[in-house]
Amino acid sequence: MGIAALIMAGSVFLSRLMGLVRDKVVSWQFGAGAESDVYFAAFVIPDFLNHLLAGGYISITLIPLLSKRFEEDEADGWRFFSAVFWWAALSIAVLTAVAWIFAPELSQLVGPGFSPEKQARLSHFLRIILPAQVFFLPGACVSALLYIRKQFLTPALTPLIYNGCIIAGGLLLPWLTQGMDLPAEWELGGMTGYCVGVTVGACLGAFLLPFRVAAAGGLRLSPVFRHPLLKRFLIMALPLMLGQTVIFLDEQFMRVFGSLVGDGAVSLLNYARRIMQVPVGLMGQAAAVASYPFLVSLLTNGEKERFDQTLSAALRASVGLIIPCALWMGVAAQPIMGVIFQGGRFGLAETVASTPLLQIMLAATPLWILYMVLVRAFYADGDTLTPATTGTVMTLLALPVYYWWAVPLGAWAIALTSAVSVSAYVLWLVAIWARRQGTG
């Protein structure tokens, strides 16, 4: 597990670094203004569609069922995998097509505070980014297969290729298309190139690379749409699809409610959140992704004591590292924002405005880490319902606070509402787990 965690930690570190480079390029060119606000808001609907089909959790729901089926009957395991793969591909293709058609209406919903011109631009960006989901979801199925095989390197490369394509699209496409007679909305002097890079990166990194590696390792994909385990898979995945937790919606709320605050708020919140997510991803995501297949394997084999020991070790290591890191980053928040983002159209005023947003978000990082590891203990135990239902309740409680309290006060209040709602949700999950295990 330690080796797997190191691989994932290295991947997350490089991915976050490339994400910062990507956002640095964006902030240099566009600062915190209308164009960058629209670009960041364009991810709300694609991310929601991915979540709606449990795209971010395919590996979590598929790994326990598929690994057990492979142990019992490998040939039938491949039939089950094929059924999940094709249903995932078909479902996301249909939803993406519908969202593409209704992009103008969805843009009004996502950016309620945007002007009609910005909403039209948002609709254009949305139609370019949406097809990426067609690659993300089937790719997640293949990555789950690689995790079962303990092949962590290929999934670790996915975000690196993805971010690299976004940066390349934003920088190179305007240069490559110089002199071309393009429609006005496809003018690549803005952020259209970055949007194109999103879809290309999803195709290459999230789908083609894992698929080729899996195929080289003996992937057996057949045209199967029925399997007895599909019902069990849907029962496990349904709470993740329908449960809109504050963890997933945290970034989306910042974008939607940030649009109501004024120009630049969405971008400033995004830049601050990007910095906050670096230590969270490096310490939490690495420990969570690396530990999950081992937790599932231990429970499958009935080794409850070792399961508890593994979970405890992952929690202690990740939380123990994040606390001093978050404290240091909070003290050095302004220099960090200045060094990483200040320059070009992102000036001192933007650095000063984003500093308190980062400090507020950093206060919740230990809870983010705790969630990322603990929630996988629920999933390994076959319980996807509890995290989803409690998260949905917390989301419903947070919505009126965002709208009636945070929006009138500004971006700092949106950041604070985010930190408090996430913290309350995670503490609720901790209490449930402790009671269930007889430790509280």
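Predicted model: local features only at pLDDT ≥ 70, side-chain atom pairs only at ≥ 80, totals over all residues.

Which backbone oxygen does the side chain of Ser82 reach?

1. The side chain of Ser82 reaches the backbone oxygen of Arg220 at 3.5 Å.

2. Residues are numbered from 1 along each chain as its sequence is written, and side-chain values use heavy atoms, with hydrogens and water left out.

3. Ser82 belongs to helix 5, residues 74–101 (helices, H or I, of at least four residues, and strands, E, of at least two, are DSSP runs numbered from the N terminus). Its relative accessible area is 0%, so Ser82 is buried (buried means under 20% relative accessible area, exposed over 50%, partly exposed in between, with a 1.4 Å probe and protein chains only). Beyond neighbours within four places in sequence, Ser82 is in contact with Arg220, Leu221, Ser222 and Val224 (contact means heavy atoms within 4.5 Å).

4. The largest nonpolar core holds 136 residues, of which Tyr39, Leu62, Phe81 and Tyr371 touch the most other members (such a core is a set of buried Ala, Val, Leu, Ile, Met, Phe, Trp, Tyr and Cys residues joined through side-chain atoms within 4.5 Å). Helix 13, residues 265–300, supplies the largest share of this core, 15 residues. Not counting residues up to four places away in sequence, Phe81 touches Leu62, Leu66, Cys141, Val142, Leu145, Leu219 and Leu221.

5. Leu230, in helix 11 (residues 229–242), is buried at a relative accessible area of 12%. Leu230 and Phe81 are separated by 149 residues in sequence and by 9.4 Å in space, C-alpha to C-alpha. Outside four places in sequence, the contacts of Leu230 are Phe80, Ala83, Val84, Trp87 and Phe225.

6. How many disulfides does a search of the whole structure find? The search finds 0, a disulfide being a pair of cysteine sulfur atoms within 2.5 Å. The sulfur of Cys195 is too far for a bond, because the closest cysteine sulfur, in Cys165, is 14 Å away. Cys203 is likewise in no disulfide, with the sulfur of Cys165 the nearest at 9.0 Å.

Technical notes
Polar contact = N/O pair within 3.5 Å; in protein donor to acceptor, adjacent residues only side chain to side chain.
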